[in-house]
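Here is my note on the model you asked about. Have the sequence and the picture open while you go through the points.

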Amino acid sequence: MSDVLELVDVSVVRDGRALVDDVSWSVKEGERWVILGPNGAGKTTLLNIASSYVFPSTGTARVLGERLGGVGTDVFELRPRIGIAGVAMADKLPKRQTVLQTVLTAAYGMTATWHENYEAVDEERARAFLDRLGMTEFLDRKFGTLSEGERKRTLIARAMMTDPELLLLDEPAAGLDLGGREDLVRRLGRLARDPYAPSMIMVTHHVEEIAPGFTHVLMIRQGKVLAAGPMETELSSRNLSLCFGLPLVVEHTGDRYTAHGLPLSP
Ligand SMILES: Nc1ncnc2c1ncn2[C@@H]1O[C@H](COP(=O)(O)OP(=O)(O)O)[C@@H](O)[C@H]1O
Ligand SMILES: [Mg+2]
């Protein structure tokens, strides 16, 4: 299998500080990765490399076979091959476009506005992705009036529109209530288990948000990778405790994970 993402000794330095510190990591085709780590650990910076918006200060990064900063690599050809759903994207989208328009415009460039001559086939695709994410009853709602959960589901449908080879999700469940989170986890689980779905990387702070079907985990703290590999072996109490800097117990029940701290000793 070919590498979807390959980082070798990558650091990203800003103001003399390494936000990502000497990271080597590879994602193979079809794998579904979770990036776990505390606030400020460098998770979004890693996703920004994967989406080709941030280049390494040192080391080499290849995304879908193209070396970032390499001769012959055109990021404007690379970016349409990558789907991104994150908070930063939500802020750039016109609030007055409908949900259907918001998803449909993805097929015609980043935040393009609505015009009437979209292809029927694109509209069918947009409707199908929205349906998969449970958004059929919101097709005509203005994007700006959606709840947090509805907005996140719209963004994921939008990210799928260009038929990406790599799908990046930055904290897709952040800010959702329990029902909203469970609904999203179920839908992401379906996507993760779909053999035709793209390779996926999802950032989260919470093991409860890991959907069934995610295969690998990378844990990062202060820009450094603490663990990276198959979920079953790497998502251990020991690794999670090191990652978040306090004693934690992780439990695996059915196809889901939970974590909690240890009670203080008397
Ligand atoms: N462009 C930048 N210049 C300087 N510092 C930055 C920049 N972007 C992010 N940071 C800092 O780098 C650290 C890692 O950020 P980020 O990757 O967003 O963390 P995470 O997503 O894990 O919360 C944070 O301390 C953040 O404040
Ligand atoms: Mg972040």
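**Notes on the ligand site and a few side chains**

1. Let's start with one contact: a polar side-chain atom of Thr44 sits 2.8 Å from an oxygen atom of ligand 1. A polar contact here is a pair of N or O atoms within 3.5 Å; within protein, one must be able to donate a hydrogen and the other to accept it, and residues adjacent in sequence count only if both atoms are side-chain atoms. Taken alone, ligand 1 exposes 570 Å², and the protein buries 61% of that. Those areas come from the Shrake-Rupley method with a 1.4 Å probe; for residues, only the protein chains shown count as cover.

2. Before going on, some housekeeping. This is a predicted model, where local features need pLDDT of at least 70 and side-chain atom pairs count only at pLDDT 80 or more, while totals for chains, interfaces and linings use all residues. Residues are numbered from 1 along each chain as its sequence is written, chains are lettered from A and ligands numbered from 1 in the order in which they are written, and side-chain values use heavy atoms, with hydrogens and water left out.

3. Back to the ligand. Arg17 brings a polar side-chain atom to 2.8 Å from an oxygen atom of ligand 1. Gly40 uses its backbone instead: a polar atom there is 2.7 Å from a ligand 1 oxygen.

4. Which residues surround ligand 1? They are Arg14, Asp15, Arg17, Leu19, Pro38, Asn39, Gly40, Ala41, Gly42, Lys43, Thr44 and Thr45. To be near the ligand, a residue needs one of its heavy atoms within 4 Å of it. By type, the shell has three nonpolar, five polar and four charged residues. In that count, Ala, Val, Leu, Ile, Met, Phe, Trp, Tyr, Cys and Pro are nonpolar, Asp, Glu, Lys and Arg are charged, and the others, Gly among them, are polar.

5. Strand E2 (17-28) and helix H1 (43-50) each supply at least two residues of this shell, and H1 gives the most, with three. Helices (H or I, at least four residues) and strands (E, at least two) are DSSP runs, numbered from the N terminus.

6. Now the rings. One aromatic pair turns up in a search of the whole structure. Trp25 and Trp33 have ring centres 5.4 Å apart and planes at 75°, so the pair is edge-to-face. The rule: rings of Phe, Tyr and Trp (its six-membered ring) pair if their centres lie within 6.5 Å, and planes under 30 degrees apart count as stacked, over 60 as edge-to-face and the rest as tilted. Trp25 is buried at 4% relative accessible area, and Trp33 is buried at 4% too. Buried means under 20%, exposed over 50%, and partly exposed in between (1.4 Å probe, protein chains only).

7. Look at Arg79 next. It lies over the face of Tyr53, 3.9 Å from the ring centre, and over the face of Phe76, at 5.3 Å. A charge sits over a ring if NZ of Lys or CZ of Arg is within 6 Å of the ring centre and within 35 degrees of the ring normal.

8. Most residues other than glycine have a negative phi. Asp22, in strand E2, has a positive phi near 60° and is partly exposed at 48%. Asp9, in strand E1 (residues 3-14), has a positive phi near 50°.
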